[in-house]
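Have a look at the model first, then read on.

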Amino acid sequence: MYIPSLNVTLQTLNIILRMRYNFNDIEAKWQKYWSENQTFKAENLSDKPKFYVLDMFPYPSGAGLHVGHPLGYIASDIYARYKRHKGFNVLHPQGYDSFGLPAEQYAIQTGQHPAKTTKENIKTYRRQLDQIGFSFDWSREVRTSDPNYYKWTQWIFIQLFDSYYCKDANQARPISELVEVFGIEGNFRINAAADDDVEIFTAEAWKDYSDKQQHEVLAKYRLTFLSDTEVNWCPQLGTVLANDEIVNGVSERGGYPVVRKKMKQWSMRITAYAQRLLDGLETIDWPQPLKDSQTNWIGRSQGAMVSFNVNGHDEKIDVFTTRPDTIFGVSFMTLAPEHELVSKIVTDTQKEKINSYIEATAKRSERERMADVKTISGEFTGAYAKHPFNGKKIPIWIGDYVLASYGTGAVMAVPCGDQRDYDFAKHFDIEIPNIFQDIDISEHACEDKSAVIANSDFISGMTAKKAIKRIIFELEAKGIGSGKINYRLRDAVFSRQRYWGEPFPVYYKDGMPQMIDAKYLPIRLPEVEKYLPTEDGKPPLGNATNWAWCTETNQIVDNNRVNGTTIFPLELNTMPGWAGSSWYFNRYMDANNTEVIASKEALDYWQDVDLYIGGSEHATGHLLYSRFWQKFLFDKGVVPVDEYAKKLINQGMILGTSAFVYRWDFKNVDESGKAKKIIFVGKDLMEKIIKERSSIENSKGIFDSEHFDLLNSSLEKNNASKNKWSQFVPIHADVSLVNASNELDVEGFKNHPLNKDYKDAEFILENGKYIVGREVEKMSKSKYNVVNPDDICADYGADTLRLYEMFLGPLEQAKPWNTAGITGVHGFLKKLWKLYHSGENDTFYVDSSPLGKSDGALKTLHKTIKKVDEDIANFSFNTSVSSFMIAVNELTAQKCNKREILEPLAVLISPYAPHIAEELWNKLGNEESVSIAKFPIFEAKYLVESTKTYPISFNGKMRFIMELSLDLSKEEIEKEVMDNERTKQQLAGRTPKKVIVVPGKIVNIVG
């Protein structure tokens, strides 16, 4: 509608709007510019010093990003942009860890190929990442599910298969070296990481072995190998899970039950690198808690290996102990329930009890068993071992506190010296001999290593340190044991019974694995009709019709053509989720190379990651496995360094503020037990009910008559206790249905697609409103407390989001999200914009005339440069945001519009708020991106104080303050104060008795 009185044309209105801080237009403009100009593309060779900034790449889930996800990305992006300003050639890449269970679960439910959903999810992630303004070099994008990427994951697997770990050289060596040595002298001098059951053989015996036998021997040395392994099996997911994928005895993904069972699996001999993994922690700047986690997970301990004969059997039980000095205190032995000897030594009378116990234990994860220190359980096998020194009979038990995967899966129990053994012995009434001098063990074990040994034959009277040496000497002399360093770390299971993962480059000949020649890689995932395991229990790849390898044509062919001579079955398992993430940081260095993982020139230039940011939850998963692979690739001469990340920062978590409704559960059921009515009460009402629930009559005033009668009749009908008449079940409500006053949109809740059961529920309102409860917890789709960054960017802009996430608190700490707080940060950006514009129409105006030397704006600028420079270097991003706010407030008060101040200010803030900085930089007349501008240089001379703020007092009471030059003399200070209008008002014509002036401190007017 035309309004003549406004006298404004549409063209003029558009010009005015463009002058204002239209963040949506500004951000879209510069995101397009960066993309079209490849502003952040890094060069592999440069005269500039290199700096490699890396984020842990995301799994592209269907839910997309929530505001908690970008926290680490924003921090790394600030640092990457900062280092560019500082003159570095910065590599800041991004990609996707795109193999994963969620896509496969969705495929099982819908039949849609995981590649399709993954591609769609990546499109969403890319859009979201771009709109937040990250300075990623997208020309190097990787996706672990891309055949051009997993070709090299398969190649690394082949290298591991063709290698063994030489302890003498302390590095991985070609397996062909072993074959050569075996043919000359057998294996009696080989010092290598290998299976415990390796037997000594001569060169003649080796030559007499069949091909299959030789393959079996070599498998005991290879760095990746097939073995029957005790694994965590999740039937509902149809796959094996790593220990770190299990939480409280159920799968982390889906919460499904997990059982222990033996399966033939591919494993990685990470144990060969245990000591190097420990030593390497001393050379990298990683958080100490994370280092401690890896140190404990690797679990180095020094002690002895001891063999116990089993009475009536040929078998021996090997035990590792850190306290061989306590061997005369052994009164029983405990085997892990899954120990292979249990079935061989159990007596007929005990077999049923033992089998029942083993079955029950299989339902508990290793972590659950380790964490449960209160429950005491076990069963006697009926068998006995023989003490290696005094020949006494030692009863053999099984107990779930012993793990088959740790040590040998057996312990020599010394109840007088170990509290857990002590509690076990007390519980089952087993003898507790005392082997410590003058120590009372009537109530608890003695775990003090300074205790003197007693009642222990030839080591009686010795200290622990001396006794350990003597026992090890005697064990070795008798040939029944030896000193040993042991590690808790177990070889890593490397198989998954799933479809959506890297295929193994493996076919089977006579049941033995054979590697496909690397020149035929990648071996691509086949098409399948179903993503579930086959009817006979094989992994999903068993559903493929074209999944056999022809050695004549070196191609994948129809399964029906398998003949055992030229066509062989391919491996049906796929690699685990950590395979592709264990080396991706190297691929970024030369992501488009088709000939090698990365060129030598690129690897030698970039070397390693200078700054890695990601979550601490990966401490004993990705961050350990990737260090293992890096060390292996270093041994093979593929990469130039054996630790891939110099510095690691674990960002904290942004927490969500969840909303809860409270379902009132009382005996409100019909004859069939079905609830007659579902009732929800608000938080305040619930608290009133809980307070008054000691008596039904006390609550009569809380409800209207209808609800009171319903409650009372339900109690009478079900004979419910009058003092225990209500329970409340908190249920998450979608935070998008709750306003700033915590009021729930009741109809929206009822009609929510996931709340079908509550469509007809009744909500008891207070003053016409339903007020939810609030609780801060992890931001998660399942808790309905997710805040979408798309909404924040649309309403406030990406620069506001970036600044606000940094402003919330220190990077490493957890902090709650509160959308209401974002308006302050947005207001700051508008205030920043106003510094560069004037008038009601926000006309761009910056004064290029020189500043005066004493201008306060220079002090504001340089103290901000100093603070921000220090903050970014120390990753204290939250305090930088505060500094920006202070600076803008001061410059606004100073009415500063000088180019000499505002141009460096735009550079200073650009790592944090790059879009507005680009726009202002461009308006200042610069043609190139602000991202390559030099970081402002701090000059200390501008922070030298030239003025002093004096408190002006009258008869000792301060009335106002004055800013005066420090160069003024005592007399000049007095003159300035007395000439001030505020002084004249205070004196009201009176003449003061005296004026006390202390230069640099105070002025006091008396009388």
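Helices (H or I, at least four residues) and strands (E, at least two) are DSSP runs, numbered from the N terminus. By that count, the protein has 31 helices and 36 strands. Keep in mind that this is a predicted model, where local features need pLDDT of at least 70, side-chain atom pairs count only at pLDDT 80 or more, and totals for chains, interfaces and linings use all residues. Residues are numbered from 1 along each chain as its sequence is written, and side-chain values use heavy atoms, with hydrogens and water left out.

**Overall build**

Along the principal axes, the C-alpha atoms fill a box of roughly 115 × 85 × 70 Å. Of the 1007 residues, 52% are buried (buried means under 20% relative accessible area, exposed over 50%, partly exposed in between, with a 1.4 Å probe and protein chains only). Contact means heavy atoms within 4.5 Å. Among contacts with a separation of 6 or more, 71% are between residues 24 or more positions apart.

Helix 9 (residues 211-219) gives a local example: Gln214, Val217, Leu218 and Ala219 are buried there. Their cover includes helix 7 (175-185), helix 8 (203-208) and strand 5 (224-234).

**Salt bridges**

The structure holds 45 salt bridges, each being a side-chain nitrogen of Lys or Arg within 4 Å of a carboxyl oxygen of Asp or Glu. Here are some of them:

| Pair | N to O distance |
|---|---|
| Arg323 and Asp325 | 2.8 Å |
| Arg364 and Asp400 | 2.7 Å |
| Lys646 and Asp608 | 3.8 Å |

Arg323 counts as buried because its relative accessibility is 12%, and Asp325 is buried too, at 0%. Arg364 and Asp400 are both buried.

What about Lys646 and Asp608? Lys646 sits in the loop between helix 19 (622-635) and strand 24 (648-650), and Asp608 in the loop between helix 18 (600-606) and strand 23 (611-614), so the pair links distant parts of the chain, 38 residues apart. Lys646 is partly exposed at 40% relative accessibility, whereas Asp608 is buried at 8%.

Asp847 lies in the loop between strand 32 (843-844) and helix 26 (856-873). Its relative accessible area is 19%, so Asp847 is buried. Neighbours within four places in sequence aside, Asp847 is in contact with Asn897, Lys898 and Arg899.
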